[in-house]
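Student: Could you take me through this structure feature by feature, giving the general idea before each case?

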Amino acid sequence: MMNVKSYFLKSTPVAPLVVFRIGLGIMLFVSIIRFWANGWIEDLYIRPDYFFPYYGFEFVRPLGAYTYGLFAICGLSALFVALGFYYRLSILTLFLSFTYIELIDKTTYLNHYYFVSMICFLMIFLPAQVYFSIDAYRNRKIEATHIPLWCIDALKLFVLFLYVFAGLAKINPDWLLQAMPLKIWLPAHNDMPVIGFLFNYTWVAYAFSWFGCLYDLSIAFLLWNKQTRPVAYVLVIAFHVLTSLLFPIGIFPYVMIVTALIFFSPEFHQKVIESLQRLFFFSNEKMLYAKADYVYSSYGQHFVKGIFFAFFVVQLLLPLRFLCYPGSLFWTEQGYRFSWRVMLMEKAGYAQFTVRDETGKFIVVNNNEFLTVLQEKMMATQPDMMLQYAHILAEYYARHGFHNPQVYADTYVTLNGRLGKMLIDPTVDLAKEEESFASKNWILLYNE
């Protein structure tokens, strides 16, 4: 108990948190610019006629043309976070705007978007603006060189959670014994310069699978250890650069490369800050060098610790919630999202819907009339999206002459190279089924 109490009394230089603030802000600012420049705001959040909100967040609605304003707020907030300009307000608006965007449509769900939202949430409560920021430059009263040690360790712990759960998820027969889905994906990149020819060999898929599992299980611990940190960071760069070349996972590899720097020593980060000072001609006169501690108020410290404790309990339980559901997680996807399962399955599907009513009227639905290509692709393998789509169809056809429409799904899905099988019970009227956290008995379990 005394050790815990003394741990929470320890302080550390704020430099690692400051560098992380700058890196996070710049990466998200660039990401927003990239989204805008590629026309993805229009394609993903404005053009679709229908969206797939997350269960419990149905109140998050698309904003039409105002979505550009939402992205502008998000981008400016990210830039202000990097600069430490109105930091508290900026990190709060960054968290809210970024998370709102991601909650509009689960079609675009990616682990790294969830990671960014959660990191921004933690940063709301951390004093990342007290050093090398416009806020500290304008108000010397808030300036500090040291913060509580747990503020840095909380970020490290969250990164450890991500990697360890990602590694545990790879301990499954498909990944380790069948080298799936890498055995499917790697040969598609055999035209890569220098090493592409290797991807034609099956042993390479096995080597990648086993290395990926061991990497995820150990890398956070290797980064945390001073002796192994340099080698570990080289592995981080090599691993994530290679994954960025092989797979379309956006800025995630670079987010993790920058995030891993949080494990480095305060001295390393102080040198980074001094380099930035010289690069942008900042005067040293305004910077504090004598130790000055940032101290939470008594109430504030208890409040933040309580928030963080609840946060990590949730993060510990969410990836394990799949244990409450029957069947294969990869097949049913009940408990799949928000669990750090990254690039673990190759799933493709076909889903055709028929709408009937009591008078005998029926129609076979053309999905292209309702969904974009990406939405149809994602819906065709994910049961909860199928259920949402069935309700979209029921409401649509109820307005177009069908009396109490019934919606049935004819589905075939392949998982990691296996033969296609029916995913949804075709006799169940999905229009009468409701979303909930309960197990969905209309999902047909996979029997090998």
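Tutor: Let us start with burial, where buried means under 20% relative accessible area, exposed over 50%, and partly exposed in between (1.4 Å probe, protein chains only). Asp153, at 14% relative accessibility, counts as buried, and Lys156 is buried as well, with a relative accessible area of 11%. This is a predicted model, in which local features need pLDDT of at least 70 and side-chain atom pairs count only at pLDDT 80 or more, while totals for chains, interfaces and linings use all residues. Residues are numbered from 1 along each chain as its sequence is written, and side-chain values use heavy atoms, with hydrogens and water left out.

Student: How far apart are the closest N and O atoms of Asp153 and Lys156?

Tutor: A salt bridge is a side-chain nitrogen of Lys or Arg within 4 Å of a carboxyl oxygen of Asp or Glu. Asp153 and Lys156 form such a bridge, their closest N and O atoms being 3.9 Å apart. Helices here are DSSP runs (H or I, at least four residues; strands are E, at least two), numbered from the N terminus. Because Asp153 and Lys156 are 3 residues apart in helix H8 (residues 149-169), about one helical turn separates them.

Student: How many salt bridges does a search of the whole structure find?

Tutor: The search finds 10 salt bridges. In one of them, Asp384 lies in helix H18 (residues 383-398) and Lys106 in the loop between helix H5 (87-104) and H6, so the pair ties together parts that are 278 residues apart in sequence. The closest N and O atoms of Asp384 and Lys106 are 2.9 Å apart. Asp384 counts as buried at 12% relative accessibility, and Lys106 is buried with a relative accessible area of 3%. Lys106, Arg337 and Asp384 are linked in a network of salt bridges.

Student: Into which domains is the chain divided, and how should I read the area that they bury between them?

Tutor: The size of an interface is often given as the accessible area lost when the parts come together. Domain bounds come from an automatic or database domain assignment, and the chain is divided into domain 1 (12-147) and domain 2 (346-432). Buried area is the accessible area (1.4 Å probe) that two parts lose on being put together, summed over both. Domain 1 and domain 2 bury about 1100 Å² between them, with 63% of it on carbon and sulfur atoms. Of the area that domain 1 buries against domain 2, Tyr50, Phe52 and Thr107 supply 63%, more than any other three residues. Counting contact as heavy atoms within 4.5 Å, 10 residues of domain 1 are in contact with 15 residues of domain 2.

Student: What should I look for in the backbone, for instance in the phi of Phe132?

Tutor: Phi of Phe132 is near 50°, a positive value in a residue other than glycine, and Phe132 lies in the loop between helix H6 (111-124) and helix H7 (134-138). Ala179, which is not a glycine either, has a positive phi of about 55°; this residue is buried, with a relative accessible area of 0%. Ala179 lies in the loop between H9 and H10, and Pro181 is likewise found in the loop between helix H9 (173-177) and H10. A cis peptide bond, with omega about 10°, joins Met180 and Pro181.
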